[in-house]
Amino acid sequence: MVNNIENKMRELSKKIHYKFIDINILSEAMNSIKITVPGKSKKKKEYVNQGLATVGDSILKALIADDLYKDGFKTKGQITKYKMELENNKTLYSIVIKEGIINYAYNDKHFYSKNNPQHEMVASSKHDTYLEAIVGAVYHDGGFDKTKLWFNTWLKPLLKKYKQQEEVR
């Protein structure tokens, strides 16, 4: 499966229009294997990609807020309201599903597929962390300036597209 993971991550890299220096960081972003976290209280496990997703969530918020400020949203209230609409879970989930990014998520047995046995399913829910983890991976691979360029050319148009589709519903 290791060679297959690298090949699938190279495919995903092309799909998201970012060439990784270290493809392994993208692999970490798409990994839904649970790991034990020592010292955690109630939940002693979390998904491998949750650390990257936390970083990605912060970077995504900063990129969106900066972009909105430059677009003329000058108050905290304006920036916060529109930022929340762009980066809400429904919008991010829509991108992951409709752009086929979910097909690159994997666990220790399979890549995502609705045909996997129930007890071997790859994690997928309305609050997937895959897109946020990808943002974190791009940031760790290329730094803030490259992440901002990638955000402006690939992710921002998708956020706007899927936000508008949510408004139509």
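My entries follow, first on the rings and then on the helix.

**Entry: aromatic pairs.** I kept in mind that this is a predicted model. I searched the whole structure and got four aromatic pairs. I looked at Tyr18 and Phe20, whose rings sit edge-to-face, with 4.6 Å centre to centre and 80 degrees between the planes.

**Entry: the tryptophans.** I then turned to Trp150 and Trp154, which count as stacked because their ring centres are 5.5 Å apart and their planes meet at 20 degrees, with the cut-off for stacking being under 30 degrees. I noted that both belong to helix 6 (residues 130-168), and because they are four residues apart there, about one helical turn separates them. Trp150 is buried, as is Trp154.

**Entry: a lysine over rings.** I followed Lys8 and found its charged end over the ring of Tyr104, 4.9 Å from the centre. Lys8 also lies over the face of Phe111, where I read 5.0 Å to the ring centre.

**Entry: helix 3.** How far does helix 3 reach from its first C-alpha to its last? I got 30 Å for its 21 residues (50-70), close to the expected 30 Å at 1.5 Å a residue. I listed its buried residues, among them Leu52, Gly56, Ile59, Leu63 and Asp67. Viewed down the axis, the buried residues of helix 3 fall within an arc of 165 degrees, so they line one face of the helix. Just after helix 3, I noted Gly72 with a positive phi of about 105 degrees.

Conventions:
Residues numbered from 1 in each chain as written. Predicted model: local features only at pLDDT ≥ 70, side-chain atom pairs only at ≥ 80, totals over all residues. Heavy atoms only, no water. Phe/Tyr/Trp six-rings, centres within 6.5 Å; stacked < 30°, edge-to-face > 60°. Helix = DSSP H or I, 4+ residues; strand = E, 2+ residues; numbered from the N terminus. Buried < 20%, exposed > 50% of the residue type's maximum accessible area, 1.4 Å probe, protein only. Lys NZ or Arg CZ within 6 Å of the ring centre and 35° of its normal. Expected span 1.5 Å × (residues − 1). Arc of directions from axis to C-beta.
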